[in-house]
Every structure is written in C-alpha cells, then in structure tokens.
Amino acid sequence: MIPIENFLVLSAILFAIGFYGVLARRNAILILMAVELMLAGVSINFIAFATYLDADAFSGLVFALFVIAVAAAEVGLALGVVLRLFRERRTANVDEADSLKW
Amino acid sequence: MFDRLPLPSQFDRVIVAGGTVAAIVATPVLVVLLALLFSDVISGPEFVFYLAAIVVVSGALGAVLMDNVVHAALCLVATLLGVAGIYLLLMTEFIALVQVLVYGGGVVILLLFALMMTNAAEDPIVTDGSQKPFGFLVAAIMGSLFVAALLDAQWGDPTANVVPFVDFGTRIFRDFSVPVIVVAVLLDIALTGAFINARRAEEAPRERAEAERAGEARS
C-alpha cells in the first residue's frame with residue numbers, strides 16, 4: 001500500500017509548479033495551461049483523500065469529476081475570450097489587455 | 001525501398017534532441033528504481049507511482065518553463081496522462097478514463113488550436129525578469145509550506161474503500177443528482193457564452209440593421 005503522503009506531496013508539487021506558471025507566464029493560453037496543472041493537483045488530492053480516508057469513498061470522486069467538467073467549461077469559455085481579445089487587439093498577452101485597469 | 005524512409009536528419013530536430021535528452025535522463029532513474037524494486041526497498045505499486053510521478057513533475061516543469069508554446073502543450077499532455085496513471089493507482093478507473101478523454105482529447109486540442117490561431121509562437125511568452133524571481137519565490141514558499149504541513153499531520157489509518165465501477169452511475173445519479181443538474185446547466189451556459197462571444201463582432205450590427213430594414217418594410 002502506497003502511503004498517502006506520496007500522493008499529497010505530488011499534488012502539492014504540481015500545484016506549486018502550476019502556481020509558478022500562472023505568475024511567470026504572460027500569454028493567456030499558457031496561463032490557462034498552468035491553471036490546468038493546479039486543477040490536476042487538486043484533483044489528485046481529492047481522490048487520494050476519498051480513497052484513503054473516506055469510509056464512503058465517493059464524495060471525493062464526485063468532486064474530481066466536477067472539477068474536470070468545470071475546467072472543460074472554463075477552457076472553452078476562456079479560449080473564446082482570448083480569441084476575441086486577439087482579434088480586437090492583436091495580442092494574447094494579459095499585461096497588454098489593460099483597458100479596464102484605470 | 002529504403003530511400004523512401006525518412007533519414008534521421010529529416011526528423012524534427014527537436015523530437016530527436018528531446019528524445020535523446022529524455023532517454024539519457026530516464027535511463028539512470030529507471031535503473032535506480034528497478035534496483036530498489038528488486039532489492040525490496042519499494043513495492044510494485046510504489047515503483048509505478050514513482051514512474052508516474054516523474055512523468056507528471058517533469059511534464060509540468062516542461063509545460064511551465066518551455067519557450068516553445070507547442071512543446072509546452074505537449075508536455076502538458078504528458079502531465080495529464082501521468083495524472084491519469086496516478087488515478088489508476090488510486091483505483092478510480094472512471095476518473096482516469098474521463099481524464100484521458102476530456103483532457104487528452106478535448107482540452108489540449110482546444111489549447112493547441114488557440115495557440116495556433118493567436119500566433120503565440122511569435123510573442124514574447126516568458127515574462128520579464130522582474131516578475132519571474134518573485135513568482136518562483138512565492139511558488140517555492142507555498143509548495144514547501146504545503147509539503148511541510150502535510151508531512152507533519154497525522155492521517156490516520158487508510159481504509160482504502162473503492163467504489164466499484166458498476167456502482168458509479170447509480171450512485172452519482174441517485175445521491176448527487178442536484179449537483180449533476182447544476183453542472184449540466186453550467187456547461188450549457190458556458191457553451192452558449194462561448195458561442196456568442198466567438199461570433200464575429202461585425203455580425204451583430206448587420207443583423208440589427210437587417211432587422212430594422214425588415215421592420216421598416218413591414219410598416
């Protein structure tokens with residue numbers, strides 16, 4: 001039996017890498033990819049807790065399933081916004097889309 | 001016959017270079033893991049776990065650090081498939097299947113299309129030097145805090161209960177029917193919003209003008 005700490009450490013590392021990507025990237029699509037990494041880390045956490053610590057072992061699975069569904073919706077919607085932004089401003093960098101800033 | 005086969009010089013140079021680097025890095029790791037496995041330091045499932053974890057972490061680093069955006073997206077595919085392997089190790093086959101289908105099949109294709117349509121390869125994609133060390137510092141502090149906190153905690157005895165594959169649909173539609181409906185509405189709204197948002201901007205005024213013209217003709 002693999003100790004649960006292995007999965008938790010892996011998900012923490014994945015979350016931290018995704019967080020670094022969100023902070024360091026400028027392209028909106030690459031930021032979305034880093035967000036996907038963070039969501040994958042969270043899903044690993046949910047499923048590890050569901051399998052190891054939950055006597056029912058089901059709520060965590062439902063959470064992970066809904067995380068996947070919401071992430072798919074988010075990607076579809078956000079890519080539409082990014083394509084619209086690129087069409088209007090000829091850029092996909094988030095720090096150049098600043099017309100709502102001041 | 002052989003002159004129709006591609007020469008190694010005609011392969012994508014990046015594929016050859018990346019494969020060589022991956023093989024050079026992966027071989028010692030694999031040898032060490034196999035030695036640990038055969039000397040009974042780690043068990044079989046742990047061996048698979050470490051393999052999948054190496055794939056996940058290296059793919060995530062590639063997705064975050066690579067300059068070429070398409071290579072970053074392909075590294076993301078490796079990460080997501082490795083995460084599906086982790087799900088299989090946690091004995092949740094359905095989530096692993098959904099992960100491969102939705103992420104490997106849908107999300108990454110969408111991301112690749114968007115990367116190609118926005119000319120992202122020509123943009124300066126990595127941020128300027130002022131933000132990067134700050135981001136690295138914050139991410140490192142956060143990750144080490146998480147790791148320290150979860151290694152410090154007591155997690156109790158693992159129960160290792162598993163929902164059988166055949167019971168999954170029954171349970172999710174009986175016990176979680178309201179969240180399923182909420183997610184369905186959410187997906188519907190997202191689809192509609194993406195459709196409306198992605199229409200060309202000049203279509204809307206033209207439709208309005210046509211509607212006005214039709215109204216004038218009727219009156």
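Q: In this predicted model, how many of the 25 residues of H2(A) are buried?
A: The model is predicted, so we are reading computed positions. A residue counts as buried if 20 or more other C-beta atoms lie within 10 Å of its own. By that test H2(A) is mostly covered, and its buried residues number 22 of 25.

Q: How far apart should the ends of H2(A) be, and what is the distance in the model?
A: H2(A) covers residues 28-52 of chain A. At 1.5 Å a residue, its 25 residues should span 36 Å. The end C-alpha atoms agree with that expectation, as their separation is 36 Å.

Q: Which residues is Glu36(A) in contact with, leaving aside its neighbours within four places in sequence?
A: Some partners come from chain A and some from chain B. Leu85(A) is 49 residues along the chain from Glu36(A), and their C-alpha atoms are separated by 21 Å. With the neighbours within four places set aside, the contacts of Glu36(A) are Ala71(A), Leu76(B) and Val107(B).

Q: What is the radius of gyration of chain A?
A: Chain A is made of three helices and zero strands. Its C-alpha trace spans about 55 × 25 × 20 Å along the principal axes. A compact globule of 102 residues would have a radius of gyration near 13 Å, but for chain A the value is 17 Å.

Q: Which helix of chain A has the highest confidence?
A: Chain A has an average pLDDT of 86, and 97% of the residues score at least 70. Confidence is lowest in helix H3 (residues 59-89), with a mean of 86. The highest mean, 91, belongs to helix H1 (residues 4-24).

Q: Which helix of chain B gives the largest share of the side that touches chain A?
A: The contact takes 62 residues from chain A and 73 residues from chain B. On the chain B side, H2, H3, H4, H5, H6 and H7 each supply at least two residues. The largest share is twelve residues, and it comes from H5(B).

Q: What percentage of the residues of chain B count as buried?
A: Chain B comes to eight helices and zero strands. In chain A, 54% of the 102 residues count as buried. For the 219 residues of chain B, the value is 18%.

Q: Where does Met91(B) lie, and what is its phi?
A: Most residues other than glycine have a negative phi. Met91(B) lies in the loop between H3 and H4 of chain B. Its phi is positive, near 65°.

Q: How does Met91(B) count, by its C-beta neighbours inside 10 Å?
A: A residue needs 20 or more such neighbours to be buried, and 12 or fewer to be exposed. Met91(B) has 17, which places it in between. Therefore Met91(B) counts as partly exposed.

Technical notes
Residues are numbered from 1 along each chain as its sequence is written. Chains are lettered from A and ligands numbered from 1 in the order in which they are written. This is a predicted model: local features need pLDDT of at least 70, side-chain atom pairs count only at pLDDT 80 or more; totals for chains, interfaces and linings use all residues. Two residues are in contact if their C-beta atoms, placed from the backbone, lie within 7 Å. Helices (H or I, at least four residues) and strands (E, at least two) are DSSP runs, numbered from the N terminus. The radius of gyration is taken over C-alpha atoms; the globule rule is 2.2 Å times the number of residues to the power 0.38. pLDDT is the predictor's confidence in each residue, from 0 to 100. The expected span of a helix is 1.5 Å times one less than its number of residues.
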